[in-house]
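Dear colleague,

I am passing on the structure below, and my notes on it follow. Please read them beside the model.

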Amino acid sequence: MKRLVVLVVLLTSVGAMAQRHQDSRMGKKIKADMTAEQLATLHTKKLILALDLTSRQEQQVMAISLEQAEFRKAKHEEFQAKKEGGTFKKPTADERFAMENARLDRQIAHHQKMKEVLTEEQYKTWKKLALGKRMNGKKKMQEKGRRG
């Protein structure tokens, strides 16, 4: 009888562990289907709620968000084409340095654009939001065993 109980508990726990877990990537697939304009609109509305933007600021932030969303979409499609075409290869150290350098340049330019549009207080709040988002991403990557 004892062995039967142990066997049932063991099978139940194995069955529970074998269930498919939904992770955060499920939401990313939905966003991958959206257009750049839709992504920019959602991002802008989130900032409107967080920063209490004026209508002029809304338009400027929408333009900045649209520019970023279009860039990300183009890069994503380029990467997918390379991946599907079989031409993707791991970048060399120099290529990684160039990509990282370009990414940081874009990030600096983005921060400067946002600083021009937002007031000092809004900019500080925006920086806190961006930092929190970045730290949350690093935390999730570390939990999954990736670098970060």
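**Surface patch and helices**

Met1, Leu4, Val5, Leu7, Val8, Val9, Leu10 and Leu11 make a nonpolar surface patch of about 830 Å²; patches consist of residues with over 30% relative accessible area and no salt bridge, with nonpolar side chains (Val, Leu, Ile, Met, Phe, Trp, Tyr) joined within 5 Å. A salt bridge here is a side-chain nitrogen of Lys or Arg within 4 Å of a carboxyl oxygen of Asp or Glu. Leu11 lies in helix α1 (residues 2-17) and is exposed, at a relative accessible area of 57% (exposed is over 50%, buried under 20%, with a 1.4 Å probe and protein chains only).

This is a predicted model, in which local features need pLDDT of at least 70 and side-chain atom pairs count only at pLDDT 80 or more, while totals for chains, interfaces and linings use all residues. Residues are numbered from 1 along each chain as its sequence is written, and side-chain values use heavy atoms, leaving out hydrogens and water.

The protein averages a pLDDT of 83 (the predictor's confidence in each residue, from 0 to 100), with the lowest confidence in helix α2 (residues 25-32), at a mean of 63, and the highest in helix α5 (residues 93-117), at 94. Helices are DSSP runs (H or I, at least four residues) numbered from the N terminus.

In α4, the buried residues include Gln57, Val61 and Ile64, and just after α4, Gly86 takes a positive phi of about 80°. Asp52, in the loop between α3 (36-51) and α4, has a positive phi of about 55° although it is not a glycine.

Best regards

Notes:
Helix = DSSP H or I, 4+ residues; strand = E, 2+ residues; numbered from the N terminus. Patch = residues over 30% accessible without salt bridge, like charges linked within 9 Å, V, L, I, M, F, W, Y side chains within 5 Å. Areas by Shrake-Rupley, 256 points an atom, 1.4 Å probe, with all protein chains shown as cover.
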